[in-house]
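Open the model in your viewer and keep the sequence panel beside it. This tour goes stop by stop, with something to select at each one.

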Amino acid sequence: MSAKGKTAIITGSNSGIGLGIAQELARAGVNVILNSFTDSKEDHELAAGIAKEHGVSARYIKADMSDGAQCRALIEQAGVCDILINNAGIQHVAAIDKFPAEKWDAIIAINLSSAFHTTAAALPMMRAAGWGRVVNISSAHGLTASPFKSAYIAAKHGIIGLTKTTALETAEEPITANAICPGYVLTPLVESQIPDTMKEYGMSREEVIKNVMLKRQPSKEFATVEQMGGTALFLCSDAAAQITGTTISVDGGWTAL
Ligand code: NAD
């Protein structure tokens, strides 16, 4: 059964990787539901633009992924969820002894707990429809660590555990759950950590990109949002029906080091 004509909910999809995945799925004929916490005119225009460009149904639903009730309400309001892409995420860069506790709580809520709530709400819909795909956006930092990103790394390791458990609980059903582990992709999230990393390491912007970010990425190239979209689409294809409970790294060789 192909993904064409199915409906995908992509959390945190008004920019970066989430938007890239929404666009690639829509290009393949998947109806998409965009989400963020902003509810701006531009958010609704993004959805309208995708619908027009790809001839699919596309709409925007506001929900703050830091709030479990709103995560569940997003799925309920959509009314259908064949494909769930748990993508919303934030970052904060600081040493553990200086890491603000409220930042830790926000990162764990948005990057990890939101996926628990959306998955809990979506699985009954997938079971009723007799088909489902859960794709969690983890990170190379779900498999390895770096200094100054304790909350992010804890959340990204955690979501791989949630992915495996989701896969085992749905193993005998036509539902799969997998995680994509991107390396560095030049999105607003990465842009925003450059100034703090410059401060932590005492480096220029160019040095941070070359000596901190792409240092770990043997290809020496940023991965792209289109590549994340293509990988998500593959995980939604028939060819991936027996791929469940695992991770796919799209990281230019980072985790091979
Ligand atoms: P981004 O900042 O461009 O996008 C983050 C998205 O999350 C935005 O759409 C934003 O609106 C949304 N969001 C943030 N807080 C939210 C909230 N409380 N409620 C609802 N939506 C919220 O960043 P990105 O790089 O595209 O990141 C997307 C995902 O990819 C994240 O989970 C991130 O950890 C992961 N990731 C990114 C990279 C990278 O290099 N860019 C690498 C590995 C993993």
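Which residues does Gly-5 touch, not counting residues up to four places away in sequence? Select Gly-5 and look around it: the contacts are Gly-29, Val-30 and Asn-31. Keep in mind that this is a predicted model.

**Stop 1: Gly-5**

Gly-5 sits in the segment ahead of strand S1 (7–10). Colour by accessibility and Gly-5 comes out as exposed, because its relative accessible area is 52% and the cut-off for exposed is over 50%. Now draw a C-alpha to C-alpha distance from Gly-5 to Asn-31. The two are 26 residues apart in sequence, and the distance is 6.4 Å.

**Stop 2: the whole protein**

Zoom out. Switch to cartoon and find 8 helices and 7 strands. Along the principal axes, the C-alpha atoms fill a box of roughly 55 × 40 × 35 Å.

The accessible area is about 11,100 Å², and 56% of it belongs to carbon and sulfur atoms. Of the 257 residues, 51% count as buried. Then consider the contacts with a separation of 6 or more: 72% of them join residues 24 or more positions apart.

**Stop 3**

Select Lys-62, in strand S3 (residues 58–62). Is Lys-62 buried or partly exposed? Lys-62 counts as partly exposed, because its relative accessibility is 45%. Leaving out residues up to four places away in sequence, Lys-62 touches Asn-35, Ser-36, Phe-37 and Asp-39.

Move to Asp-39, one of the contacts of Lys-62. Asp-39 is in the loop between S2 and helix H2 (41–54). Check its backbone: phi is near 55°, a positive value in a residue other than glycine. Most residues other than glycine have a negative phi. At 39% relative accessibility, Asp-39 is partly exposed.

**Stop 4: Phe-148**

Where else does a positive phi turn up? Phe-148 has one of about 75°, although it is not a glycine. Look for Phe-148 in the loop between strand S5 (132–137) and H5. The relative accessible area of Phe-148 is 25%, so this residue is partly exposed.

**Stop 5: the largest pocket**

Rolling a probe the size of a water molecule over the atoms shows where empty space is left. The largest pocket holds about 730 Å³ of space. To centre the view, select Asn-87, Ala-88, Gly-89, Ile-90 and Leu-189, which are the closest to the pocket centre among its 38 lining residues.

Which elements supply at least two residues each to the lining of the largest pocket? Colour helix H1 (16–27), strand S2 (31–36), H5 and helix H6 (188–201) to see them. H6 gives the most, with 4 residues. Colour the lining by class and count 16 nonpolar, 19 polar and 3 charged residues.

**Stop 6: the largest cavity**

Select its lining: Thr-11, Asn-86, Asn-87, Ala-88, Ile-110, Asn-111, Ser-114, Ala-115, Ile-137, Lys-156 and Ile-159. Helix H4 (101–129) and helix H5 (150–169) are the elements giving two or more residues to that lining. H4 has the largest share, 4 residues. By class, the lining of the cavity splits into 5 nonpolar, 5 polar and 1 charged.

**Stop 7: Ile-110**

Finish on one residue of the cavity lining, Ile-110. Ile-110 is in helix H4. Its relative accessible area is 14%, so Ile-110 is buried; the cut-off is under 20%. Show its contacts beyond four places in sequence: Met-65, Ser-66, Ala-88, Gly-89 and Ile-90. Last, draw the C-alpha to C-alpha distance from Ile-110 to Asp-67. The two are 43 residues apart in sequence and 8.0 Å apart in space.

Technical notes: Residues are numbered from 1 along each chain as its sequence is written. This is a predicted model: local features need pLDDT of at least 70, side-chain atom pairs count only at pLDDT 80 or more; totals for chains, interfaces and linings use all residues. Side-chain values use heavy atoms; hydrogens and water are left out. On a 1 Å grid over the protein atoms alone, a cavity is a set of points where a 1.4 Å probe fits but cannot get out, and a pocket is an open set with protein on both sides within 12 Å along at least five of seven lines; lining residues have an atom within 4 Å of a point. Ala, Val, Leu, Ile, Met, Phe, Trp, Tyr, Cys and Pro count as nonpolar, Asp, Glu, Lys and Arg as charged, and the others, Gly among them, as polar. Buried means under 20% relative accessible area, exposed over 50%, partly exposed in between (1.4 Å probe, protein chains only). Contact means heavy atoms within 4.5 Å. Accessible areas come from the Shrake-Rupley method with a 1.4 Å probe; for residues, only the protein chains shown count as cover. Grid points are joined across faces, edges and corners, and a volume is the space filled by probe spheres set on the points.
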